[in-house]
Amino acid sequence: MIKEGRVLMVVDSNDPSKDVVIKKKDQKIPENTELVVDGYLIPEVPLVLAYHKPKDVISAMKDSRYCLGDALQEKSPMLVNAGMHPVGRLDADTSGLILFSSDGVLTQRLLHPRHEVEKEYVATVEIEGSAENIDEDLLRSKLLKGVETSEGTHTASLLRVVDSEYGDGLFDLTLTVKEGKHRMVRRMLANCGFPVVELKRERHGEILLADLDEGEFRGMQDNELDWIQSLLD
């Protein structure tokens, strides 16, 4: 559409003759600018989108491998041109919820530890025996106190431990963290004696992955928008 000159940027809503043709895919578009395609006004760029990242998708807007930027481009090139960007990252071998934001201030508040926005993960770990062999109280205490890793000391809150659907000898640990350091959850659990074989993010703040299919996007529900706005107030 852009190569064909079909996308225009509205300069004066009362004078269509002043519309400017967008000529480049990476052309910067001012915030709150209205866009027109084939004479039709396109919807406003959303503040936040939720995406279910599959494993092996790279958390970057540009990469030689398939990445978040490619996924967003496939949904709508307009979202990329409008500056939507991922809120943090997930490792290539981690799946689950990742947010896209069109507001830099919101992104900072979603990510910075001082705002204490929780992120919830389900880590599938491998141990010998049954779930009863896991001393939940001891593990919970270690995580709350802080686990030393090569990247620093980090804390987490253990919510529950259950048998994993992946098979015998595997267990799902659900935990929350308020930081987002590189491979932090994997490092913490490995140093507690629980090597992670699968990791999935289920929640970021009040935004849930729920039943969103892998590779799909969704907009925000009213209660999620209310929570997002509370971060900006």
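**Close-up views of a predicted model**

Glutamate 224 is buried, with a relative accessible area of 3%, where buried means under 20% relative accessible area, exposed over 50% and partly exposed in between, with a 1.4 Å probe and protein chains only. The model is predicted, so that local features need pLDDT of at least 70 and side-chain atom pairs count only at pLDDT 80 or more, whereas totals for chains, interfaces and linings use all residues. Residues are numbered from 1 along each chain as its sequence is written, and side-chain values use heavy atoms, with hydrogens and water left out.

**View A. The salt bridge of glutamate 224 and arginine 218.** The side chains of these two residues meet at 2.8 Å, N to O, a salt bridge being a side-chain nitrogen of Lys or Arg within 4 Å of a carboxyl oxygen of Asp or Glu. A search of the whole structure finds 12 salt bridges.

**View B. Glutamate 198 and lysine 55, a salt bridge between distant parts of the chain.** The closest N and O atoms of the pair are 3.3 Å apart. Glutamate 198 belongs to strand E13 (residues 196-204), while lysine 55 sits in the loop between E5 and H1, 143 residues apart; helices (H or I, at least four residues) and strands (E, at least two) are DSSP runs, numbered from the N terminus. Glutamate 198 is partly exposed at 22% relative accessibility, and lysine 55 is also partly exposed, at 36%.

View C. Arginine 160 counts as partly exposed at 43% relative accessibility, whereas glutamate 120 is buried at 13%.

**View D. The hairpin of strands E11 and E12.** Strand E11 (residues 157-163) and strand E12 (residues 170-177) run antiparallel and are joined by 6 bridges, two strands being paired if DSSP finds at least two bridges between them. Aspartate 163 has phenylalanine 171 in E12 as its bridge partner. The hairpin has 6 residues between the strands, and glycine 167 takes a positive phi near 145 degrees.

**View E. Serine 59 in the loop between strand E5 (48-53) and helix H1 (68-75).** With 14% relative accessibility, serine 59 counts as buried. The side chain of serine 59 reaches the backbone oxygen of leucine 90 at 2.6 Å. Not counting residues up to four places away in sequence, serine 59 touches Lys53, Leu68, Arg89, Leu90 and Ile98, contact meaning heavy atoms within 4.5 Å.

**View F. Arginine 183 and alanine 210, two residues other than glycine with positive phi.** Most residues other than glycine have a negative phi. Arginine 183, in the loop between E12 and helix H5 (184-191), has a phi near 55 degrees and is partly exposed, with a relative accessible area of 28%. Alanine 210, in the loop between strand E14 (207-208) and strand E15 (217-218), has a phi of about 50 degrees and counts as exposed at 60% relative accessibility. Arginine 183 also takes part in a network of salt bridges that links Arg89, Asp91, Asp93, Arg183 and Arg186.

How values were computed: A polar contact is a pair of N or O atoms within 3.5 Å; within protein, one must be able to donate a hydrogen and the other to accept it, and residues adjacent in sequence count only if both atoms are side-chain atoms.
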